[in-house]
Amino acid sequence: MIEKKVAIVTGAAQGMGYEVFHALAVRGYVAVGIDIQEEKLHKIKGVAEKDKLAVEAFYADVSDSTQVNEIIDQVYRIYGSIDVLVNAAGVLSQGEVTTLSDEAWERTFAVNTSGVFHVSKAVCNRMKENKQGSIVTISSNAASVPRTSMASYCASKAASLMFTKCLGLEMASYGIRCNIVSPGATDTEMQRAFWNEEADIEKGIKGIPEQYRVGIPLQKIANTSDITEAVLFLLSENASHITMNNIVVDGGATLGAQ
Ligand SMILES: NC(=O)c1ccc[n+]([C@@H]2O[C@H](COP(=O)([O-])OP(=O)(O)OC[C@H]3O[C@@H](n4cnc5c(N)ncnc54)[C@H](O)[C@@H]3O)[C@@H](O)[C@H]2O)c1
């Protein structure tokens, strides 16, 4: 058994998940990344190991509880504890409700909602044994404000947000804190799916009246580091009396509505 604290991060192959995974490794955790992009996992593991960081990287689809349970069991067998979990894996699906396919709806919920349930359940069963732990789910500001052509995404994120709050209530007596970070538009591959041309970035910042979007009062798109800082704070001892809370990191885009 080793002394280092162990952090699990889903969606670690790129974007926010990668940034959080790397930041936790730099802060001395054994950072365990889970993702479905094997090649990218291999690459990020190699880069981290070159920097002498303690990392592990595993293929698992968070929508598949069998795969998830196998990985979590394996990590617990090796390290004897799981201290921190960040649910960052997510998928975006766009399309108006009247034409949205059943498959798109189901896949969005399978990853964004059931995925959070599967990983959190497996991890909490381990955290309970050690009577401590901290979990952050990355939801979205779209969980609290309706968006056109994003019903499945908005609903799946609202569900994962409320799931995480309920989990926090059930886990409080075990000393396990569960919180949420809700980003707004953040520069990652997922966000770039909305940008067909340079002008789309500016439109998003200024607001798009025909979509009832008010724009971003702080007048910029977030970087992954903006999100990572909020996640690290909630995971840290500085947040030791905070649970079932949601930090919205969106430059004011949802005008403080949660
Ligand atoms: N980028 C934004 O503007 C934005 C805004 C609000 C919320 N979010 C949320 O933040 C989180 C991170 O998003 P991002 O922007 O870094 O996205 P991203 O697409 O860059 O990264 C998501 C990662 O999740 C992984 N993933 C997807 N499905 C998976 C599955 N079934 N099992 C395991 N891994 C899986 C992907 O392979 C990818 O590495 C997501 O939950 C997303 O919904 C993003």
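This is a predicted model: local features need pLDDT of at least 70, side-chain atom pairs count only at pLDDT 80 or more; totals for chains, interfaces and linings use all residues.
With strand β1 (residues 6-10), β4 pairs in the parallel sense over 3 bridges. Here Val9 is the residue that stands opposite Val86 in β4. Strand β5 (residues 133-138) also runs parallel to β4, and 4 bridges join the two. Val86 turns up again in this pairing, where it stands opposite Val136 in β5.

## Ser134 in strand β5

While you are at β5, take a look at Ser134, which has its place in that strand. Ser134 has a relative accessible area of 4%, and the cut-off for buried is under 20%, so Ser134 counts as buried. Its side chain has a polar partner: a contact of 3.4 Å joins the side chains of Ser134 and Arg177.

## Around the ligand

Now for the ligand, which is surrounded by 30 residues. The closest of them are Asp35, Tyr153, Lys157, Thr188 and Gln191. In Asp35, a polar side-chain atom lies 2.5 Å from an oxygen atom of the ligand. The backbone takes part in this picture too: a polar backbone atom of Met16 is 2.8 Å from a ligand oxygen atom, and a polar backbone atom of Gly184 is 3.5 Å from an oxygen atom of the ligand. Taken alone, the ligand exposes 830 Å², and the protein buries 94% of that.

Which elements give two or more residues to the shell around the ligand? They are α1 (15-26), α4 (102-130), α5 (151-171) and α6 (189-192). The largest share, 3 residues, comes from α6. Sorted by class, the shell holds 14 nonpolar, 11 polar and 5 charged residues.

## Between two domains

Where does the ligand lie relative to domain 1 and domain 2? Domain 1 covers 6-184 + 223-248, while domain 2 covers 189-221. Both domains give residues to the shell around the ligand, so the ligand lies between them.

## Two residues with positive phi

Our last stop is the loop between α7 (198-206) and α8 (224-235), which is where Tyr212 lies. Most residues other than glycine have a negative phi. Tyr212, although not a glycine, has a positive phi of about 60°. Is Tyr212 buried or exposed? Its relative accessible area is 69%; the cut-off for exposed is over 50%, so Tyr212 counts as exposed.

With a relative accessible area of 61%, Gln219 is exposed.

Methods: Residues are numbered from 1 along each chain as its sequence is written. Side-chain values use heavy atoms; hydrogens and water are left out. A residue is near a molecule or strand if one of its heavy atoms lies within 4 Å of it. A polar contact is a pair of N or O atoms within 3.5 Å; within protein, one must be able to donate a hydrogen and the other to accept it, and residues adjacent in sequence count only if both atoms are side-chain atoms. Accessible areas come from the Shrake-Rupley method with a 1.4 Å probe; for residues, only the protein chains shown count as cover. Ala, Val, Leu, Ile, Met, Phe, Trp, Tyr, Cys and Pro count as nonpolar, Asp, Glu, Lys and Arg as charged, and the others, Gly among them, as polar. Domain bounds come from an automatic or database domain assignment. Two strands pair if DSSP finds at least two bridges between them. Buried means under 20% relative accessible area, exposed over 50%, partly exposed in between (1.4 Å probe, protein chains only).
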